[in-house]
Amino acid sequence: MAIRTIRVEGDEILRKKCKEVTEITPRIKTLIEDMIETMYQANGVGLAGPQVGILRKVVVIDVGDGPVVLVNPVIVETSGEQTGGEGCLSVPGKTATVTRPNYVKVRAYDEKMEQRELEGTELFARAVCHECDHLEGKLYIDIAESPVMDTDAYYAEMGEEE
Ligand code: ZN
């Protein structure tokens, strides 16, 4: 496994749409392993293909329950709403307020190309929405409801900690 370079805002690749994965080739398998390692090394909750320069529909997420791999994810159901601070490894050190569904159900393939559905609330739901946006070339700063601030300043002002 290897740590990959995380692309930061301003890099055009973050604005491009991803292609579906048709088969778990050795390259894709290595990509998934590297993305998990890169996410942990950066203390992130999630990472999407474009963030490491690969325009493939691959997402990894860990909200504290171990790594979840989502290949070709499609959000099939959402409900409720949550409004809170959100950040991104591609916009380092920054946070802004974003409203997301409080519940999502996502259909995706795993690292063995087996299809399944996963559901979750709160941080998991936020992370799934955020990472799926990356696959469409969208960043959270596009839909932020507050100024994009330094993370420390944001939480100092909002008086909350996540
Ligand atoms: Zn992100």
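Mentor: Start with Ile13. Leaving aside neighbours within four places in sequence, Ile13 is in contact with Arg7, Pro50, Gly53 and Leu55. Keep in mind that this is a predicted model.

Trainee: What makes these count as contacts of Ile13?

Mentor: The cut-off is heavy atoms within 4.5 Å. Arg7, Pro50, Gly53 and Leu55 are in contact with Ile13 by that rule. Ile13 itself lies in the segment before helix H1 (26-41).

Trainee: Why is Ile13 called buried?

Mentor: Its relative accessible area is 15%. Buried means under 20%. Therefore Ile13 is buried.

Trainee: How far apart are Ile13 and Gly137, in sequence and in space?

Mentor: They are 124 residues apart in sequence. In space, the C-alpha to C-alpha distance is 7.9 Å.

Trainee: Now the metal. Which atoms coordinate the zinc ion?

Mentor: Cys88 through SG, His130 through NE2 and His134 through NE2. Their distances are 2.0 to 2.2 Å. A donor must be within 2.8 Å of the zinc ion, so these three atoms qualify. Along the chain, the donors follow the spacing C-x41-H-x3-H.

Trainee: What parts of the chain does the pair Cys88 and His130 link?

Mentor: Distant ones: Cys88 is in strand E4 and His130 is in helix H2 (residues 122-135), 42 residues apart.

Trainee: Why are Cys88 and His130 called buried?

Mentor: Apply the 20% limit again. Cys88 has a relative accessible area of 9%, so Cys88 is buried. His130 has 6%, so His130 is buried too.

Trainee: Last, Glu131 in helix H2. Why is it said to have no salt bridge?

Mentor: The nearest side chain of opposite charge is Arg100, 8.3 Å away. A salt bridge needs a distance within 4 Å, so Glu131 has none. Yet Glu131 is buried. Beyond its neighbours within four places in sequence, its contacts include Gly46, Leu47 and Gln51.

Definitions and conventions. Residues numbered from 1 in each chain as written. Predicted model: local features only at pLDDT ≥ 70, side-chain atom pairs only at ≥ 80, totals over all residues. Heavy atoms only, no water. Donors = N, O, S within 2.8 Å, 3.2 Å for Na, K, Ca; no water. Helix = DSSP H or I, 4+ residues; strand = E, 2+ residues; numbered from the N terminus. Buried < 20%, exposed > 50% of the residue type's maximum accessible area, 1.4 Å probe, protein only. Lys, Arg positive; Asp, Glu negative; His and termini not counted.
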